[in-house]
Amino acid sequence: MNEFEALYETILDRKKNPEEGSYTAYLFDKGLEKILKKVGEENTEVIIAALSQTNTDLVNELGDLFYHIFVLMAQKGVSLQEVEEELARRSKKKHNLKAERKPITNL
Ligand SMILES: N=c1c2ncn([C@@H]3O[C@H](COP(=O)(O)OP(=O)(O)OP(=O)(O)O)[C@@H](O)[C@H]3O)c2ncn1[C@@H]1O[C@H](COP(=O)(O)O)[C@@H](O)[C@H]1O
C-alpha cells in the first residue's frame with residue numbers, strides 16, 4: 001500500500017470510527033460545506049506557493065490539498081479506485097485514438 005492509499009484508508013477509518021482530537025473526524029462532523037471550503041483554501045495556497053514560494057513550500061501545500069481532497073472523496077463516497085479507473089480509461093482512449101489514426105497515416 002502506498003502513502004496515498006494508506007492516507008485514504010486512515011481517512012475512511014476516521015469516518016467510521018471518529019476519534020477524540022482527530023482533525024479528520026472534526027471535518028466530517030462539520031460536513032460537506034466545511035470540507036469544500038478547506039479544499040478551496042488549500043487550492044489557493046498551492047497556487048500562491050507555486051507562484052511565489054519554494055518547492056518545499058509547494059510540496060507542503062500539495063500535501064494539505066491532497067489530504068483535503070481525500071476527505072472530500074470519502075465524504076462523497078468516491079473511492080481512489082474509481083479515480084484510478086477514470087484515469088486508466090482516459091489513458092486507453094488516448095492509445096485507441098493513436099491506433100485509429102495509424103491506418104490513415106499508412107495510406
Ligand atoms: N495529512 C493530514 C493533514 N494535512 C493537513 N491536515 C490538517 O489540516 C489543517 C489545515 O490547517 P489550517 O490552518 O488551514 O486549518 P485549521 O485552522 O487548523 O483548521 P480550520 O478551523 O480552518 O478547519 C491542520 O489542522 C492540519 O493538521 C491534516 N490532518 C491530518 N492528516 C492525516 O490524517 C491522519 C489522521 O489525522 P487525524 O484525523 O487528525 O487523526 C494523520 O495521521 C495525517 O496522516
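**Figure 1. Division of the predicted model into domains.** The protein is split into domain 1 (3–76) and domain 2 (79–107), with bounds taken from an automatic or database domain assignment. A distance of 30 Å separates the C-alpha centres of domain 1 and domain 2. Residue numbers start from 1 along each chain as its sequence is written. The model is predicted: local features need pLDDT of at least 70 and side-chain atom pairs count only at pLDDT 80 or more, whereas totals for chains, interfaces and linings use all residues.

Figure 2. Helices are DSSP runs (H or I, at least four residues), numbered from the N terminus.

**Figure 3. Packing of helix 1 against helix 4.** The two axes come within 10 Å and cross at roughly 50°; axes are lines fitted to C-alpha atoms over the stretch in contact, and angles run from 0 to 180 degrees between N-to-C directions. Helix 1 is therefore oblique to helix 4, given that angles under 35 degrees count as roughly parallel, over 145 as roughly antiparallel, 65 to 115 as roughly perpendicular and the rest as oblique. The crossing is right-handed, that is, the near helix is turned clockwise from the far one by less than a right angle (left-handed if anticlockwise). Helix 1 contributes Leu-7, Tyr-8, Ile-11, Leu-12 and Lys-15 to the contact, and helix 4 contributes Tyr-67, Phe-70, Val-71 and Ala-74; contact requires C-beta atoms, placed from the backbone, within 7 Å. Eight of these residues are nonpolar, none is polar and one is charged.

**Figure 4. Packing of helix 3 against helix 4.** The axes of helix 3 (residues 32–52) and helix 4 come within 9 Å, crossing at roughly 160°, so helix 3 is roughly antiparallel to helix 4. Their crossing is left-handed. Residues in contact include Leu-36, Val-39 and Val-46 in helix 3, and Leu-58, Leu-65 and Leu-72 in helix 4. The contact comprises 13 nonpolar, three polar and six charged residues.

**Figure 5. Packing of helix 1 against helix 2.** With axes 9 Å apart, helix 1 and helix 2 pack at an angle of about 60°, and helix 1 is therefore oblique to helix 2. Helix 1 passes helix 2 in a right-handed manner. Ile-11, Arg-14 and Lys-15 of helix 1 meet Thr-24, Ala-25 and Phe-28 of helix 2. Three nonpolar, one polar and two charged residues make up this contact.

Definitions and conventions. Helix = DSSP H or I, 4+ residues; strand = E, 2+ residues; numbered from the N terminus. Contact = placed C-beta atoms within 7 Å. Nonpolar A, V, L, I, M, F, W, Y, C, P; charged D, E, K, R; others polar.
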